[in-house]
Each structure stands twice: as C-alpha cells, then as structure tokens.
Amino acid sequence: MDVLILNDTDLNGSHFGCYKVMSTIIDALGQRGIKHDTVKVATKWWSNSEISSKIVSSKLVIINGEGTLHHGRKKGKWLLDAAKLAKDSGAKVALINALWQENPSSWADITSSFDLLQCRDSMSQSHLKQQTNRKVMFFGDLSMIDPWPNSPNEYRLGMLVSDSVSKTQSEKLLRFAGKNEATMMSITSTKAKLRWLSAICLGPDALVGYRNQKVAKSLSEYMNALGMAENVVTGRFHTACMALLTKTPFLALNSNSWKIEALLKDVGLNLKRRNANIRDFGTQDLLLKKFSAREIENIDHNLKKWRLSAQNMFDELASLAL
C-alpha cells in the first residue's frame, strides 16, 4: 500500500456530496497508479491495532479535511494525532480539501510539519497560512472538480428545497417547502424519511412539504433533480457545490462554519444568496432565481481554474507517495 486516506466521509454512497469527494480522490490516485486504503470518518484509530499499523507503515497519509477541522473539534484532533504518529514514523503527510477555522495553536504546530497543505476555501487558506507560516494551496471543494456529464437543463420548473446538518433548520426548511409548494429532497439517501417524521406535528404547512418530499436513491438521481429545478434553497454546503455543477441558482442558510460565506466569495456569487435564517429569505431574495451573466462567468472561470489546480495537487501527492 502506498497511501492511507484518513477521514473517508463516504458511507456507502449515502451522502452524495461526500461520495463525490471521495470518488474524486480515489479516481485521481488510481489514474496515477497509486494504491490506497481508507479509514472511515470518526474512527477511533488508536483502539484498533490494524489501523494503527497501517498509519505507521504507509508511505503517505492523506487527511481529507472536509468540514472536520474547525473550532477545535475532537474528531479533528483525532485526525491530527494520527497524522503526527505517521510523521514520527517517517511517512509523508498531506492535508487536503480542508476547512480550517478557529483551531488551537497546538493544531497548527502539528500541521506545520506536513508535506502538503491545501484548503477548500480562501478564508481557511489565510488562517492556516498565518498559523503555520507555510505555503497553503487553495481551490474549491473536491465535489466540484469532476464536471457533471449532463448539460444544465434550459427548461427548469419549480423550487427544490434541501435539508441542513441542523435538525431545527431542517424542520424550518420543511415548513418553507410546504409554504412555497416546493419539492423537499435531502442530499442523503438513507434515513431521510426518518428525519422528517418528527416534523409531521409542525402543522399543515409542514405536512405539504412532507407530502412533496422525494428521496434520491443515487447521485445521478439527485443531480438530475438539481438540474431540473428552477432554483434550490438549502442548508447544505455540498448541495450548493453541486448546484454550481448544474448551474442551478441557490439560496443558502448559514452552516456551522464559514463555509457557505467562503464559497460565495470564492466563486464570485451575489452574497445575498446567503442568510442566517430561512425566515429572513423574503420575496426579493426569491427573485434570485437566475444567476446573473457575471455569476455564470465567475462560475465557469473558477471551476476551470480549480480543476487545473486539483490535477497539479494530485501530481504532487503522487510524487510524495514514491
């Protein structure tokens, strides 16, 4: 084995954004002849001798940062402790696709020894660079690197509403879907219906949203639904990312980090597409059903630039694995 990937967030394809991220990483390594193994998200690796052995014997350990490394979360510390063990054992270590926000200086002390650093947003890049005094690459989330093969649909109809990492926000989104006669569709394929069962008691408006709920069984089904929608309202970062691939205009709620704000800024979108609360989206915001010509230009330019940067990064990772 050449490479061990930590924080494999794909759980049997149940979260389409995470599935797309991991598929991109694995395909890119495979194209470069790199053998790999993965350790699933939130694994307590120190209590598993087999995984611990893999960490110390790998040539290269890659941390898929995604949304784990912010506000000093304990699961983020687990990843850095594993990386330190690998580094102390002579392995190369790379941090990729990372959100980095408000982490303790001790985290930066560990990360500063890594062989490659790459963040998925410019705000994270700036903070990590400042803390480590290291070169930090930046390009957008890996879910956007491989183009979606279907062309954006020119004939769109209706609003799609997605969920949130927050149960409370998800229930508010369900109400919103009901009031606006929109289709409710989670970015996850499993347990989606269970999430909405608690919202049945929220009243008639919520029940309308519940009746209009659809559960996508695959990434293709989810992307096709995005591509057919006139616009999407979401509390999910990866829904916003994949809406860019299908050129579907979106409105997004704040999440548990600055990732939505950073995405809008980095892509060059209207910052009014983000709000703190679903109730704050008024009629004027809902008029943002189309991307402006400038937004489309910025999307095309940045996705093209990020794809080239990603290829260069994977070439560097292949060199580290030699």
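# Close-up views of a predicted model

**View 1. Cys119 counts as buried, with a relative accessibility of 0%.** Buried means under 20% relative accessible area, exposed over 50% and partly exposed in between (1.4 Å probe, protein chains only). The model is predicted: local features need pLDDT of at least 70, side-chain atom pairs count only at pLDDT 80 or more, and totals for chains, interfaces and linings use all residues. Residues are numbered from 1 along each chain as its sequence is written, and side-chain values use heavy atoms, with hydrogens and water left out.

**View 2. The structure has zero disulfides.** Cys119 takes part in none, and its nearest cysteine sulfur, on Cys241, lies 15 Å away. A disulfide is a pair of cysteine sulfur atoms within 2.5 Å. Cys241 is in no disulfide either; the sulfur of Cys18 is the nearest to it, at 11 Å. Cys241 is buried, with 0% relative accessible area.

**View 3. Helix α10 covers residues 237-245 and packs against helix α11, residues 259-267.** Helices are DSSP runs (H or I, at least four residues) and strands are runs of E (at least two), numbered from the N terminus. The axes of α10 and α11 lie 10 Å apart, at an angle of about 20°. That makes the two helices roughly parallel. Axes are lines fitted to C-alpha atoms over the stretch in contact, with angles from 0 to 180 degrees between N-to-C directions. Under 35 degrees is roughly parallel, over 145 roughly antiparallel, 65 to 115 roughly perpendicular and the rest oblique. Phe237, Ala240, Cys241 and Leu244 of α10 meet Lys259, Ile260, Leu263 and Val267 of α11. This contact of α10 with α11 has seven nonpolar, no polar and one charged residues.

**View 4. Helix α9, residues 219-228, meets α10 from another angle: their axes cross at roughly 70°.** These axes come within 9 Å. The pair is therefore roughly perpendicular. On the α9 side are Leu219, Tyr222, Met223 and Leu226; on the α10 side are Thr239, Met242, Ala243 and Leu245. By class, the contact of α9 with α10 has seven nonpolar, one polar and no charged residues.

**View 5. Helix α10 is largely enclosed by the rest of the structure, as nine of its nine residues are buried.** Among the buried residues are His238, Thr239, Cys241 and Met242. Lys247 follows α10 and has a positive phi, near 55°.

**View 6. Leu79 sits in helix α3, residues 74-88.** Leu79 is buried, with a relative accessible area of 9%. Contact means heavy atoms within 4.5 Å. Leaving aside neighbours within four places in sequence, Leu79 is in contact with Leu6, Asn7, Ile63 and Thr68. Gly65 is 14 residues from Leu79 along the chain, and their C-alpha atoms are separated by 8.8 Å.

**View 7. His71 has a positive phi, near 55°, in a residue other than glycine.** Most residues other than glycine have a negative phi. His71 lies in the loop between strand β3 (60-66) and helix α3. At 37% relative accessibility, His71 counts as partly exposed.

**View 8. Glu102 is not a glycine, yet its phi is positive, at about 50°.** Glu102 belongs to the loop between β4 (92-98) and α4 (105-111). With 53% relative accessibility, Glu102 counts as exposed.

Key:
Nonpolar A, V, L, I, M, F, W, Y, C, P; charged D, E, K, R; others polar.
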